Amino acid sequence: MPTLAAAQPPVILRTAAQEGSEPKFIADGKDKIAGLCIDIMRAVEQIDPGLRFVGDQQWKPLIRVIAELANSTEDVGCAIQHTPDREKLFNFIGPALYTIDYHFLVRSDDDITVNNWDDVRKLGPNAVVLVNRGYAAGEILTAMGGFTVDASSPRAELNLHKLIAGRGRLYFHRGPGLHKLLQRTGTTGQVKILPQIMYSAKLYFTASKQLDRKTSERIANALFSLEKKGELERLMHKWD
């Protein structure tokens, strides 16, 4: 006879693949999405077979992912940066999945040197800093203060082309994945990554505030198990 646990239907967890978020989600051929978060979710399902993530093969912009987590039409999100504003909208659960480092990207022919935030402020108000709309990068720059920020474009590709066209002096974006982003967008020869790390942050799994507390705890427990076994670190190195 099957056990009671085996007879229980799995808990379905609605999620999405975040556009422009490599290495979290990466297009793998025409109809498949791969990446670090896909691997993490499959690993969680292996540890707790009673959990099943759906929607991870459907692209959505981050701004929509945030909105749907807030209104509970999505249940979970993978590798989202903690900010005070987001903490009001949904819950951050489990261990930090990995750390991201923010850099400035500039045109390849720009001889600018940036060692600290004051170096950016000294460029003056005409030195527009590009960020992705709806990303935590905008909140970081707002908190730092003293910059002219353009957060009108939702995707990295658009901001890279604006940078190349001279519609911004710097593009503030996070790694890992910056070199792969330039390769994917064909901008490697036109854009360079400044070496100075300007800001670091940790990314977490998130859950809708309407998600059952026990389910959130099951996800968190599986993630802590992956961390303890070194699996999160191994997956990070796989996609770095």
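Biologist: Which elements do the buried residues of H3 pack against?
Modeller: In this predicted model, they pack against strands E2 (17–18), E6 (59–60), E7 (76–81), E8 (90–107) and E13 (199–208), and against helix H4 (84–87).

Biologist: And which residues in H3 are buried?
Modeller: Helix H3 covers residues 62–70, and its buried residues are Leu-62, Val-65, Ile-66, Glu-68 and Leu-69.

Biologist: What follows H3?
Modeller: Ser-72 does, with a positive phi near 70°.

Biologist: Switching to Thr-142. Where is that?
Modeller: Thr-142 sits in helix H6, which runs over residues 136–144.

Biologist: Buried or exposed?
Modeller: Thr-142 counts as exposed because its relative accessibility is 64%, and the cut-off for exposed is over 50%.

Biologist: What lies 2.9 Å from a polar atom of its side chain?
Modeller: The backbone oxygen of Gly-138.

Biologist: Now the whole chain. How many helices and strands?
Modeller: The chain has ten helices and 13 strands.

Biologist: What is the radius of gyration, and what would a compact globule have?
Modeller: The chain has 19 Å; a compact globule of 240 residues would have a value near 18 Å, so the two agree. Along its principal axes, the C-alpha trace spans about 70 × 35 × 30 Å.

Biologist: What share of the residues is buried?
Modeller: Buried residues are 49% of the 240. As for contacts between residues at least 6 apart in sequence, 73% join residues at least 24 apart.

Conventions:
Residues numbered from 1 in each chain as written. Predicted model: local features only at pLDDT ≥ 70, side-chain atom pairs only at ≥ 80, totals over all residues. Heavy atoms only, no water. Helix = DSSP H or I, 4+ residues; strand = E, 2+ residues; numbered from the N terminus. Buried < 20%, exposed > 50% of the residue type's maximum accessible area, 1.4 Å probe, protein only. Polar contact = N/O pair within 3.5 Å; in protein donor to acceptor, adjacent residues only side chain to side chain. Contact = heavy atoms within 4.5 Å. Rg over C-alpha atoms; globule rule 2.2 N^0.38 Å.
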